[in-house]
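Subject: A structure for you to look at

Hello,

Here is the structure I promised to pass on. Please open it first, and then read my notes below.

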Amino acid sequence: MDRKSASDLLNVENSHSKHASTDSLASDSKSSSLNSKLGQESVNVTESGPPSRPDDPPLLPGEKVQGMAREVTYLCPYSGPARGTLSVTNYKLYFRSMDRETPYVVDVPLGVVSRIEKVGGASSRGENSYGIEVFCKDMRNLRFAHKQENHSRRNVFEKLQQFAFPLSHKLPLFAFEYTESFSENGWTVHEPIAELKRMGVPNDMWKISKLNESHEVCDSYPSVWAVPAAATDEDLRAVAQFRSRGRVPVLSWIHQESQATISRCSQPLVGVSGKRSTADERYIQLIMDANAQSHKLFIMDARPSANAIANKAKGGGYESEDAYQNAELVFLDIHNIHVMRESLRKLKELCFPNIEESRWLSGLESTFWLKHIKCILAGAVRIVDKVENHKTSVLVHCSDGWDRTAQLTALAMLMLDPYYRTIRGFEVLIEKEWLSFGHKFQQRIGHGDDHHSDADRSPVFLQFIDCVWQITQQYPNAFEFNDYFLITILDHLYSCRFGTFLFNSERERVAESVKQRTVSLWSFTNSTIDAYRNPLYWAGGMQQQVLVPVASMRHIKLWKGHYCRWNPSMRSQDPICQRTRELLVLKDQLERQVEECRRELQARVARNVATPPRLASPTHS
């Protein structure tokens, strides 16, 4: 398929502008207010047909209206109350005001909803005191007031509960009803064996194993592993017995020149008695021996040392340097999922709905969010340093190896390998290090269930994307994608429109036939890829091979474009997306001019070669 030029995209964007105000995460994931401000409605290029009435919601293929209430008031914390029609579909909540010359639109996928509460009772008095409050996973809350005499609240509340939490009501997630087709098939983006071959595996020291093809050895691991060539299937089974959840050390990335590697696993089951496993010790030695450049291995334990010691009481723990010869253990001091959840809760209170100007910096510091981001980045930088500068292999784990471990391996690979900084390469990185290695998206995000206070919820993947954004700020020319791409990924992490982030593991996704029954997020992004391109990207030989961001509080900053995007006082006046597309158009024009100049110069040279030089006249004395 021919890619649309940037100028075509710009024309499409301009021609679709509908001049309505919005607080929406639009149906085609123009999700952020980055590309919609007050006075401009998000574009909906994928609706299945124009609404028959102005207050009817635009619908995606497979989307159906489930309930509607008129004379509902949206209580916007910034522009005041707006009265209009509230619709609930099997995918979204859609409000459109009818009392303003420029309609105000709220368009929110129900997957974003964390909880719903009724406000006010039968005895409530006063304007707008009776209604519904919707708490969202994306940093905002929405409040709608109903007229008591209309008796509309109960129906809307029930429909919202049903379709925001379909799994709790024995209903399918919207991804299984969504029927849109795209020109690209995102399910083919990551082919595990092709990706290993890109890295030069198999080779003399590493082989591809399909021991876990039916997910019997480890139910949260992928079916294809790269393991030391000398390791037998019996070795791998024995090691799985000694590692938490059977998560054996396997290869994530290999340095093509030095053969230094990044491997990942879970904690060893040493317990309080300090148990040892000869099979595990021998296997770790094989990983060390696979790198001829170094006779040492660094074991990067993501946890604070106190937490790792406490885990011994539960049967876990960490590697003893006495048992693992030539291995050095380093604790990276990254806190657990519960600490991160509490940090995000504080950040949300700080950013929405009102920002207290006089206490902004002290309030931000008290959330510890930026400190956590710094710790994760600093850990990844240490891994990169060992692999790149010391040519030493690194083994990474936390407790179970599916949260902090994924953050560290994915970030280190992003810094080491320019391929992962392309749009398609970044998609592969997410598929590989997060999805196939069993990050528990279902438990951490809570897709379709109403257990909003579940202790397993945590913003682990959000922190990873935040860290990626931090690196793009320090290296603005190194990434093919822009921050709109990152925000689109985060919005659809919650939306349940695509099958990509559903369930907890590859095994569960295979059992649910996710690839056959749902659409991949990458089908959507790769069919509109120009919207996500960074106009400042330096491709080819101009790329910096290894990125080493400064992991210091002096350089880490709050990603306002994401966390504060619902607050008009904090977001840019012009949509960043629009400016990026304008820059892409300008870049296209300049590249064409350069090409024309080059052709003209070549033509001149060719003419000069074709025309024989005139002989000089003899000089007569």
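On a 1 Å grid over the protein atoms alone, a cavity is a set of points where a 1.4 Å probe fits but cannot get out, while a pocket is an open set with protein on both sides within 12 Å along at least five of seven lines; lining residues have an atom within 4 Å of a point. Volumes are the space filled by probe spheres set on the points, which are joined across faces, edges and corners.

Before going further, please note that this is a predicted model, in which local features need pLDDT of at least 70 and side-chain atom pairs count only at pLDDT 80 or more, whereas totals for chains, interfaces and linings use all residues. Residues are numbered from 1 along each chain as its sequence is written, and side-chain values use heavy atoms, leaving out hydrogens and water.

Back to that cavity: 15 residues line it, and Pro192, Leu196, Val224, Lys432 and Phe437 are the closest to its centre. Two or more lining residues come from each of helix 3, strand 10 (225-228), strand 11 (250-254) and helix 11. Helices (H or I, at least four residues) and strands (E, at least two) are DSSP runs, numbered from the N terminus.

Lys432 also takes part in a salt bridge with Glu195, with the closest N and O atoms 3.5 Å apart. The term stands for a side-chain nitrogen of Lys or Arg within 4 Å of a carboxyl oxygen of Asp or Glu. Glu195 sits in helix 3 (residues 192-198) and Lys432 in helix 11 (residues 423-436), so the pair ties together parts that are 237 residues apart in sequence. The whole structure has 30 salt bridges.

Next, the largest pocket holds about 740 Å³ of space. It is lined by 28 residues, and Ser114, Cys136, Leu344, Arg345 and Lys348 are the closest to its centre. Helix 7 contributes the most to this lining, with 6 residues.

Finally, have a look at helix 9 (residues 369-389) and helix 13 (residues 460-474), whose axes come within 10 Å and cross at roughly 75°. Axes are lines fitted to C-alpha atoms, for helices over the stretch in contact, and angles run from 0 to 180 degrees between N-to-C directions.

Enjoy exploring!

Best wishes
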